[in-house]
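Here are my notes on the model, as numbered points. Have the structure open while you read.

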Amino acid sequence: MKGPGVFLAQFAGDEAPFNTLPNMARWAADLGYKGVQIPTWDARLIDLQKAAESQTYCDELTGVCAEAGVAITELSTHLQSQLVAVHPAYGDLFDGFAPQAVQGKPTERTEWARGQVTMAAKASRRLGLSAHATFSGALLWHTVYPWPQRPAGLVEEGFSELARRWKPLLDVFDENGVDACFELHPGEDLHDGVTFERFLAAVDDHPRAKILYDPSHFLLQQLNYVDFIHIYHSRIKAFHVKDAEFRPTGRAGVYGGYQGWVDRPGRFRSLGDGQVDFSAIFSAFTQHDYAGWAVLEWECCLKSPEQGAAEGAPFIARHMIQKAGRAFDDFAGSAPDAARNRRILGLTD
């Protein structure tokens, strides 16, 4: 495992040190981070089209980060990829993720999003990256609670269409040697293991369809987030280290009652302030030889981003495990002896 890294999206702003990639790279390094995950929609940090087309520009980005003491962990297209699949009910809500020229134009907006994801795959290759952070978008989310009853074939048709939109993009990622890591997230059609499996079947087990693991979203769904690693470890190629807590009351539970984040029973917290068992998570990842980055995604309804960022790097570093090269009881072992083994088993020739 590599880390600690930090996702820059929640910290970027118009004032130094949050307004340019060189500034943010130095800021992250000073806090103890070894890598930065870059949101590709933020022109203050990256020119995505230029990165897709120019190796020189990508070398400059890599050099700027290296000079500051960090590496680029992954690029992210969370906002753009959301627009690959948008149900009309959410059109106005998501229009703000797109440039004004395609707002209110679903077909043009989708094509713009596909172009953005395509450029991100190419830019990732130029930057020497092996994984990319993204969302699936959603056509079915408005039916997540089956009332009224979902018509027969609706779910299958939804995933068939999602696969039709993503299969060519996954092929682009494959051509560029990069994994498309879907963050499984409420609001996306891919939000848990079952939905990821449905999608995987619909894209014929595409080798580039991978997972960005974020336990905070699983805790809020009351999903066993450690068992998830044991089931899907071969597909997990990115990791957002984010905490959360779930405190159901007699008045509200998983759905939250339309309340703001502070008042919801399920809410995101800074690392160490929530209920996620990170010791178990890092142990599971070590068991399965996870070799990607551990990247802080800071989202907290109580603590300031400055404090959350400062506490994040040492928290992640403290949980990273250097895997043992030998068994702890090797000192009591003995040389192989087939005849002795048969005697121990009570077997005689």
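1. Is A113 buried or exposed? A113 has 0% relative accessibility, so it counts as buried (buried is under 20% relative accessible area, exposed over 50%, partly exposed in between, with a 1.4 Å probe and protein chains only). You'll find A113 in helix α6 (helices are DSSP runs of H or I with at least four residues, strands are runs of E with at least two, both numbered from the N terminus). Leaving out residues up to four places away in sequence, A113 touches Q80, L83 and V84, where contact means heavy atoms within 4.5 Å. A113 and A85 are 28 residues apart in sequence, and their C-alpha atoms are 9.1 Å apart.

2. A word on the ground rules. This is a predicted model, so to speak of local features takes pLDDT of at least 70, side-chain atom pairs count only at pLDDT 80 or more, and totals for chains, interfaces and linings use all residues. Residues are numbered from 1 along each chain as its sequence is written, and side-chain values use heavy atoms, with hydrogens and water left out.

3. Next, α6 against α7. The axes of helix α6 (residues 106-126) and helix α7 (residues 154-175) come within 9 Å and cross at roughly 20 degrees; axes are lines fitted to C-alpha atoms, for helices over the stretch in contact, with angles from 0 to 180 degrees between N-to-C directions. The two helices are therefore roughly parallel to each other (under 35 degrees; over 145 is roughly antiparallel, 65 to 115 roughly perpendicular and the rest oblique). On the α6 side the contact uses T110, R114, V117, T118 and A121, and on the α7 side R165, W166, P168, L169, V172 and F173. By class, the residues of this contact are 7 nonpolar, 2 polar and 2 charged (Ala, Val, Leu, Ile, Met, Phe, Trp, Tyr, Cys and Pro count as nonpolar, Asp, Glu, Lys and Arg as charged, and the others, Gly among them, as polar).

4. Now α10 and α11. The axes of α10 and helix α11 (residues 278-287) come within 9 Å and cross at roughly 10 degrees. That makes α10 roughly parallel to α11. Y225, V226, I229 and H230 of α10 meet A280, I281, A284, F285 and Q287 of α11. This contact of α10 with α11 has 7 nonpolar, 2 polar and no charged residues.

5. On to the rings. The count comes to 22 aromatic pairs, taking rings of Phe, Tyr and Trp (its six-membered ring) with centres within 6.5 Å; planes under 30 degrees apart are stacked, over 60 edge-to-face and the rest tilted. W166 and F182 form an edge-to-face pair, 4.8 Å centre to centre with 80 degrees between the planes. The pair links W166 in helix α7 with F182 in strand β5 (residues 179-183), 16 residues apart. Both W166 and F182 are buried.

6. Which way do the rings of Y213 and F228 face each other? Their centres are 5.9 Å apart and their planes are at 35 degrees, so the pair is tilted. Y213 lies in strand β6 (residues 209-213) and F228 in helix α10 (residues 225-232), so the pair ties together parts 15 residues apart in sequence. Y213 is buried at 0% relative accessible area, and F228 is buried at 2%.
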